[in-house]
Amino acid sequence: MDRDPLDASAVAARGLTRRFGDVSALEDVSLDVPRGTVFGFLGPNGAGKTTTIRLLLGLMNPTSGTLDVLGEPLPQGGLRVRRRTGVVLENHGLYEGLTVGASLHFAARSYGLTRSDATVRVRELAERFGLAHRLTERPSTLSRGMRQRLSIVRALVGRPELLVLDEPTNGLDAQAAADLRAMLVDLVDDGATVFLTTHLLAEAERLCDLVTVIKAGRVVATGTPEDLRRQASVQRVRVEGPGMAQALARTSGAGLGDWFADGPNVVSIAVEGPQGIPAVVAALVAAGGSIHRVEPVGQTLEAAFLSLVATESDRIPADESPVIQMGAP
Amino acid sequence: MKSSTIAVVAGTDWRLVLRKELADLLGRLGRKPLTRTIGVVAIFGILIPLRFQQAANLPAFFATFMAFVPARLVAIESFAGERERGTLDALLALPLTDKGIALGKIAAATTYGAARGWLFVAAWVPTAAVLRAAGVLPAAAMPAPAIIAGAVAGSLLVAMFAAVFGVWQSARAPSVRAIVESGGILRLVIILGVFFVGPWLLGFLSPEGATPTVQAGGWRLSVEAARAAVASRPGVFAAALSVATFVGVVALAVLLHDTFHRCRREALAMVPDDPPSHR
């Protein structure tokens with residue numbers, strides 16, 4: 001693919017802000033997504049990921065800031081951007097009254113393909129993605145994995161230069177998720193750029209060349225997964241035992257690092273290297289905890305993510321039984 | 001109409017959306033529209049003329065009503081229904097123009113509504129003719145050609161108006177239910193208008209001698225009085241008709257313009273009452 005050196009970013013955002021009345025969904029967000037990469041956009045629910053996708057597609061105008069996608073300024077270039085972009089949304093957005101073939105044909109025609117070209121393209125993609133024998137069926141007869149596959153094929157009919165995927169492996173079985181990852185790698189090899197939101201951090205770690213973490217509408221970190229793992233300057237220790245979250249809450253912090261509870265019996269606590277583990281164990285035992293297992297956890301992207309998005313307000317009250325929560329004493 | 005609108009009309013986006021809308025609608029409804037039309041023809045095209053044998057224009061009136069209701073139902077579903085079913089964002093993410101999407105949805109609702117009205121006429125007229133030939137229906141119950149033409153043209157016009165107005169409402173509504181719940185008084189006004197003005201207009205426009213008959217007593221007299229008044233002052237009538245037509249066209253153009261404005265992606269992508277859910 002020919003590339004203008006001044007136009008090397010598939011997505012370039014500067015000071016992007018979007019407000020809904022008094023609520024700020026995005027605040028001063030800047031992004032650079034190089035072409036031909038898989039870009040991971042990570043954040044907890046409500047962080048501003050969907051708002052960003054809507055801005056990228058020109059479905060919404062920013063309150064302030066600038067956004068260029070594939071060299072086109074938005075919102076003016078929205079239609080031109082959409083012609084070069086494919087989208088897979090989390091809820092698929094499939095028409096239940098249309099057959100698989102009709103759905104794909106409609107999408108292909110909307111990308112400007114002639115009737116005969118659309119038929120050829122649909123057939124080609126359907127065969128590649130195992131949908132060729134389902135073209136006359138309605139989406140309601142398909143499994144969740146097949147619906148996701150249909151949604152992906154629909155995004156690919158226009159030969160997109162930018163593929164935007166919102167939680168693409170949600171609900172897919174392991175094999176389907178692996179197939180999707182392989183397909184994304186193929187697309188990037190062909191020169192496309194993938195903009196991916198996911199809450200599966202292991203997936204982001206495996207797939208993404210570059211990752212941005214967003215929290216409450218603000219970018220809190222950007223880099224390669226390796227960079228982010230390094231930025232997370234803490235290691236964690238995972239402690240299991242009955243009522244461990246309650247025991248942790250009773251310590252009232254007691255000099256412990258950031259922590260989160262993964263159910264009532266499992267807690268994960270930040271430590272300054274392995275030498276910090278005995279102090280954690282001592283504090284939990286002093287608080288009445290009965291420890292069954294202590295496991296040092298290496299610096300994963302997940303650990304980095306959790307340390308980046310954890311807030312004081314996420315702490316678990318001592319008298320509540322936690323499920324999955326995060327905290328920072 | 002702006003030149004950009006004309007360009008869209010000449011383009012293909014609206015035709016793509018029209019075909020998609022109709023295919024999706026018929027795919028979801030199955031055979032319901034056909035069976036409903038047969039039921040309505042049986043009741044309003046056969047049973048009522050049999051019971052009230054002078055009511056030759058009543059089925060024509062119901063043809064326009066048959067066009068109005070489906071066109072409105074399809075139109076209010078156009079955006080609000082997609083929003084409810086979670087397909088709107090996927091549609092807006094496709095490289096279709098805003099006006100192409102809006103026009104396609106208006107055309108789909110118009111086509112579907114008018115087709116239902118025409119289907120009614122197509123079923124009613126031959127059935128009435130067969131029954132007349134068999135001596136079941138009296139000659140007075142047979143519709144005049146002008147009434148049939150009025151039913152065909154009226155179905156299209158009524159469906160078009162219902163489609164534009166329905167899409168206008170649907171563009172800003174979070175759900176179909178919200179539209180239905182908010183339109184109580186308006187619905188009453190429309191139904192009263194259709195029920196009272198519709199038959200009167202059909203009577204007024206009928207050729208002399210084929211004047212209908214659903215209007216009994218005062219209604220019929222008022223039609224005849226209006227005809228007499230028009231005959232005595234044709235210039236005034238022509239001027240009034242011109243003004244009314246002009247106002248109607250302007251009103252439709254304004255409504256269409258505002259519908260296009262409401263159907264911009266920026267406006268459509270906003271869920272009206274829950275901004276944080278956009279995230």
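Which residue forms a salt bridge with Lys20(B), and how far apart are the closest N and O atoms? The partner is Glu21(B), and the closest N and O atoms are 2.6 Å apart. A salt bridge here is a side-chain nitrogen of Lys or Arg within 4 Å of a carboxyl oxygen of Asp or Glu. Glu21(B) counts as buried at 12% relative accessibility, and Lys20(B) counts as buried too, at 3%. "Buried" stands for under 20% relative accessible area, "exposed" for over 50%, and "partly exposed" for what lies in between (1.4 Å probe, protein chains only).

Before going on, some ground rules. This is a predicted model, where local features need pLDDT of at least 70 and side-chain atom pairs count only at pLDDT 80 or more, while totals for chains, interfaces and linings use all residues. Residues are numbered from 1 along each chain as its sequence is written, chains are lettered from A and ligands numbered from 1 in the order in which they are written, and side-chain values use heavy atoms, with hydrogens and water left out.

**Salt bridges**

Searching the whole structure turns up 24 salt bridges over all chains. Here are some of them:

| Pair | N to O distance |
|---|---|
| Arg121(A) and Glu124(A) | 2.8 Å |
| Glu266(B) and Arg18(A) | 3.3 Å |
| Glu240(A) and Arg238(A) | 3.6 Å |

Take the pair Arg121(A) and Glu124(A): both sit in helix 4 (residues 115-128) of chain A, three residues apart, which is about one turn of the helix. Helices (H or I, at least four residues) and strands (E, at least two) are DSSP runs, numbered from the N terminus. Arg121(A) is buried, with a relative accessible area of 8%, whereas Glu124(A) is partly exposed at 39%. In the pair Glu240(A) and Arg238(A), Glu240(A) is partly exposed with a relative accessible area of 24%, and Arg238(A) is partly exposed with 28%.

**A look around chain A**

Chain A has eleven helices and 15 strands. Of its 329 residues, 54% count as buried. Contact means heavy atoms within 4.5 Å. Among contacts in chain A with a separation of 6 or more, 68% come from residues 24 or more positions apart.

Now zoom in on strand 6 (residues 85-88) of chain A. Thr85(A) and Val87(A) point one way from this strand, Gly86(A) and Val88(A) point the other way, and all are buried. Strand 6 pairs with strand 7 (residues 162-166) of chain A in the parallel sense, over four bridges. For two strands to pair, DSSP has to find at least two bridges between them. One partner you can look up is Leu162(A) in strand 7, the bridge partner of Thr85(A).

Leu70(A) is found in the loop between strand 4 (64-69) and strand 5 (72-74) of chain A. Why does Leu70(A) count as buried? Because its relative accessibility is 3%. The C-alpha atoms of Leu70(A) and Arg80(A) are 9.3 Å apart, and these residues are ten apart along the chain.

How much area do chain A and chain B bury between them? They bury about 2900 Å², 63% of it on carbon and sulfur atoms. In chain A, Leu59(A), Tyr95(A) and Phe106(A) lose the most area to chain B, together 23% of what that side buries. Buried area is the accessible area (1.4 Å probe) that two parts lose on being put together, summed over both. The contact takes 36 residues from chain A and 28 residues from chain B.

Across this interface the rule finds two salt bridges. It also finds nine residue pairs in polar contact, both residues at pLDDT 80 or more. A polar contact is a pair of N or O atoms within 3.5 Å; within protein, one must be able to donate a hydrogen and the other to accept it, and residues adjacent in sequence count only if both atoms are side-chain atoms. On the side of chain A that touches chain B, helix 3 of chain A gives the largest share, four residues.

**A spot inside chain B**

Ser155(B) belongs to helix 8 (residues 145-172) of chain B. Ser155(B) counts as buried, at 0% relative accessibility. Leaving aside neighbours within four places in sequence, the residues in contact with Ser155(B) include Ala63(B), Ala114(B) and Trp118(B).
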